[in-house]
Amino acid sequence: MTDIKKQLRANGLGVSVHAKDNIVELSLLGTAKPLIAREILYKALNGLEPFFTVFIRGMPFCFMPDARDHILYRRRAGFHILPGGAGRSYGAIRQCKACALRTLCPGIETGSVFYRELRRTLRPVLAVPNEIVFELTRRCNLACRVCFAGRTGGGQPLSRLMTALREARRLGVKDVRFTGGEPTLSRNLLPMLKAARALGFYTLVNTNACGADSVLLDKAAPLIDNVLVSLQGYDAASESRAAGVKGLFSRKLANMRRLRAGIRAFRLGTVASKSLLRNFKAYHALAVSLKADVWEIYRPMPAHGGTGRPIFGKETMTAGSEFDLKAADMKRLSAAIAALEPGGPPSPGLCRAGPRVLLANPMPLCLMPAAERRNLLGAAFDDGHTRLVHDPRGFFKPSYYIEERLGDGIEQAWNSDYMRALRSFSWLAPRCRACDWLLKCLGGSRFQAAAGGGNYFGNDPWLPKERA
Ligand code: SF4
Ligand code: SF4
């Protein structure tokens, strides 16, 4: 850490560490050369983020759009207090029209280097989604108690998927992900991966690693940058209980090892359950033995989205079920994750003993102590905040669970009424507007808000009462 601090300070960047809360604050000082400082900041962020919550001060979001959730930029009154009070003036620039944060942002301070020298080079935040998720099929070879997929259900013809892929390329989307159901059961997986690779996308695949034969995996692996394998159990018995199918665990283990060896980023994902709470150490030991880079633990989603339409066909969060977890249960999980590093995070640059363990799916970050919030992914990847999901029925929706038909094309969906309402941020609870974690947390889950109160733009039911 001392070396990182020295390098940052030598380049006009301020560093302060709040060890108790595992927070590092970086700031651009007046002496910095902004373009050089930005390169260094991105590198510092990559090194520090696995260990700390990192906040960055002294720049508008559009100076580092890929780090927007770390930037504490003083937003319009009502969302945040402007720095220096009334003495400063802010102006919109051309890019603001396309910027997803324009309702939070006051514009660029007109006396600043960003306005005087850099305003033509700034990029709007999320003018298009970062990622398109293709649900290639609804079909799955497992019957996981917590999942929405079924044994049947087709997908879109390859030609329609290719049209959507080309639209994503034309718009400048960076990542594409293939999922299902179980995507290895779709004959479109390999051609889509090949096309995505040829078009220069970063490619991700979600799989249960039980369905594919080794030949398919060997063909697919070189085309995948990042794989996420669902880990339902920690041994053969718990896996077959959760997945509803017996006798596949040894095949799954072999396939996971094959994927680990062939793909750069290897992640595991488990829906939180009472079994996971009871057997956390056994699950973690398996994740360590599989040499996973990341193990994500998901907040369970209820069987309906509050819209009156059933979403899941199986057991999910019915009262008293395996997946009926309360906020207190997630707090216990968060504490168990923190306890994996009893002395706090290891120094940046040193290796972790096992995978990075994260709580995923949106939930209010303020449920957890500040020191544990570095282990929460927040809402940025869900609810439509940064990505769209292509449903097997041929339309785009905001997330796996939110079954709103936003449109048949990416541009149409990204500019639909739901997405405009989402980006208005007018629905945020008053406390959220002034919260430093806002752009990571985004006030919790829109899906859970609908499940709890019938309205996507209400409060997440887990929002602590004093913050509502
Ligand atoms: S609203 Fe405008 S000034 Fe603010 S981050 Fe977006 S592009 Fe930059
Ligand atoms: S944004 Fe809102 S819900 Fe999230 S941590 Fe802040 S106050 Fe809590």
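Me: How many residues surround ligand 2, and which are the closest?
Reply: There are 13 around ligand 2, with Pro364, Cys366, Cys432, Cys435 and Cys441 closest. A residue counts as near if its C-beta atom, placed from the backbone, lies within 6 Å of the molecule.
Me: Which elements give two or more residues to that shell?
Reply: Helix 14 (430-433) and helix 15 (438-441) do. Helices are DSSP runs of H or I with at least four residues, numbered from the N terminus.
Me: Before going on, what are the ground rules?
Reply: This is a predicted model, where local features need pLDDT of at least 70, side-chain atom pairs count only at pLDDT 80 or more, and totals for chains, interfaces and linings use all residues. Residues are numbered from 1 along each chain as its sequence is written, while chains are lettered from A and ligands numbered from 1 in the order in which they are written.
Me: What classes are in the ligand 2 shell?
Reply: 9 nonpolar, 2 polar and 2 charged residues. Nonpolar means Ala, Val, Leu, Ile, Met, Phe, Trp, Tyr, Cys and Pro, charged means Asp, Glu, Lys and Arg, and the others, Gly among them, are polar.
Me: And which residues come nearest to ligand 1?
Reply: Phe61, Cys62, Cys96, Cys99 and Cys105, out of 15 around ligand 1. That shell has 12 nonpolar, 2 polar and 1 charged residues.
Me: Switching to helices. At what angle do helix 4 and helix 5 pack?
Reply: About 25°, with the axes of helix 4 (residues 158-171) and helix 5 (residues 189-198) 11 Å apart. Axes are lines fitted to C-alpha atoms over the stretch in contact, and angles run from 0 to 180 degrees between N-to-C directions. Helix 4 and helix 5 are therefore roughly parallel (angles under 35 degrees).

How values were computed:
Angles under 35 degrees count as roughly parallel, over 145 as roughly antiparallel, 65 to 115 as roughly perpendicular and the rest as oblique.
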